[in-house]
Amino acid sequence: MKLYHIFPDLMNLYGDYGNLVVLQKALADAGAEAKVVPVRPGETPDLSDADFLYMGPGTEPARNAALEHLRPWRDALAEAVLIRGVPTLFTGNSWTLLGRSITLADGSPLEGLGLFDYATVETRDRATGDAIALPAAQALPSAPAVGFLNRCDRVTGVETPLFTLEMSKGNDGASPAEGFVLGNFHATHLIGPLLVKNPHLLNHFVSLLGVEPRPVNEADHTALAYQVTLTALRQRPAGSR
């Protein structure tokens, strides 16, 4: 099975490549062999054999460069994501590339890839902080997710959010709706890495790949770390969230 990592060098903030590391390990633990296939700018990959697609966050200039490098294989992405329904995870600001447009902080417009109908406006204010995210998509596990947000944009036009935030601010900076989901495409600003911090979400993606995951062991260090984090965040005074 092939796990495609799109632009691992260009879009590489926060150690979010760890999402693929733990996914590959979880698949191996469940008896499935998986290979991470890096795709770099200038390459034209054949996504017809992709079993999973991943892109992580980057700086704003890196994100803008990634957008231009993605344009030549916009149709290949659309076929994989929208027609074949390849399980996909885009974290941080990477998913803004697939919307209608990105308006930079200086007002300059960038045309997005247009796979989805949301639009992004960059701001000069950066919002950072821990987050607790409740599942908004019915297919997600019922447990809350924990993560971290570091963003300077507002995303509007999302009709099917991935999460509802219990802590922190969502896509448009006002409502709790966060991320985006359509079919097997999952997008979120939550970093951490997400699948390292949330073993139940890791198992969700293992299942999407057609593999029966090992049950989450509540005594395992990853499950214990998740529970400690969730408990600590919920114990914070409301004003410090």
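**Note on the predicted model: helices, cores, spaces and backbone**

1. Helix α3 is followed by Gly-85, whose phi is positive, near 65 degrees. Helices (H or I, at least four residues) and strands (E, at least two) are DSSP runs, numbered from the N terminus. Within α3, the residues Leu-77, Ala-78, Ala-80 and Val-81 are buried; buried means under 20% relative accessible area, exposed over 50%, and partly exposed in between (1.4 Å probe, protein chains only). The cover over these buried residues of α3 includes β1, β3, α2, β4 (88-91) and β12, where contact means heavy atoms within 4.5 Å.

2. Residues are numbered from 1 along each chain as its sequence is written, and side-chain values use heavy atoms, with hydrogens and water left out.

3. The largest nonpolar core has 36 residues, and those with the most contacts inside it are Leu-53, Leu-70, Leu-77 and Leu-98. Two or more residues of this core come from each of β1 (2-6), β2 (35-39), β3 (52-55), α2 (60-70), α3 (74-83) and β12 (185-188). Apart from it lies another core, of 30 residues, among them Leu-23, Ala-133, Leu-149 and Val-181. A nonpolar core is a set of buried Ala, Val, Leu, Ile, Met, Phe, Trp, Tyr and Cys residues joined through side-chain atoms within 4.5 Å. In soluble globular proteins, nonpolar side chains tend to be buried together.

4. Leu-53 may be examined individually. Not counting residues up to four places away in sequence, Leu-53 touches Tyr-4, Leu-47, Leu-77, Ala-80, Val-81, Val-86, Pro-87, Thr-88 and Leu-89.

5. Helix α6 (residues 221-234) has 14 residues and reaches 20 Å from its first C-alpha to its last, close to the 20 Å expected at 1.5 Å a residue; the expected span is 1.5 Å times one less than the number of residues. Its buried residues are Ala-223, Tyr-226, Leu-230 and Leu-233. Seen down the axis of α6, the buried residues fall within an arc of 105 degrees, so they line one face of the helix; the arc is that of the directions from the helix axis to the C-beta atoms. An α-helix has 3.6 residues a turn, so residues three or four places apart point the same way. The face of α6 turned away from the buried side carries the exposed residues His-221 and Val-228. Packing against the buried residues of α6 are β7 (119-135), β8 (145-156), β9 (163-167), α4 (194-197) and α5 (199-208).

6. Helix α5 is largely enclosed by the rest of the structure, because 8 of its 10 residues are buried. These are Pro-199, His-200, Leu-201, Leu-202, Asn-203, His-204, Phe-205 and Val-206. Just after α5, Gly-210 takes a positive phi of about 80 degrees.

7. The largest pocket has a volume of about 460 Å³. Its lining has 16 residues, of which Ala-26, Asp-29, Leu-202, Asp-220 and Thr-222 lie nearest its centre. Two or more lining residues come from each of α1 (18-29), α4, α5 and α6, and α1 gives the most, with 4 residues. On a 1 Å grid over the protein atoms alone, a pocket is an open set of points with protein on both sides within 12 Å along at least five of seven lines, a cavity is a set where a 1.4 Å probe fits but cannot get out, and lining residues have an atom within 4 Å of a point. Grid points are joined across faces, edges and corners, and a volume is the space filled by probe spheres set on the points.

8. The structure holds 1 cavity of 30 Å³ or more. About 40 Å³ of space lies in the largest cavity, and its lining includes Leu-89, His-186, Leu-201 and Phe-205. His-186 is in strand β12 and is buried, with a relative accessible area of 3%. His-186 and Phe-205 are 19 residues apart in sequence and 10.0 Å apart in space, C-alpha to C-alpha.

9. Phe-7 has a phi near 55 degrees, a positive value in a residue other than glycine, and is buried, with a relative accessible area of 0%. Tyr-14 has a positive phi of about 65 degrees although it is not a glycine; Tyr-14 is partly exposed, at 37%. A cis peptide bond, with omega about -5 degrees, joins Gly-192 and Pro-193. Most residues other than glycine have a negative phi, and most peptide bonds are trans.

Key: Predicted model: local features only at pLDDT ≥ 70, side-chain atom pairs only at ≥ 80, totals over all residues.
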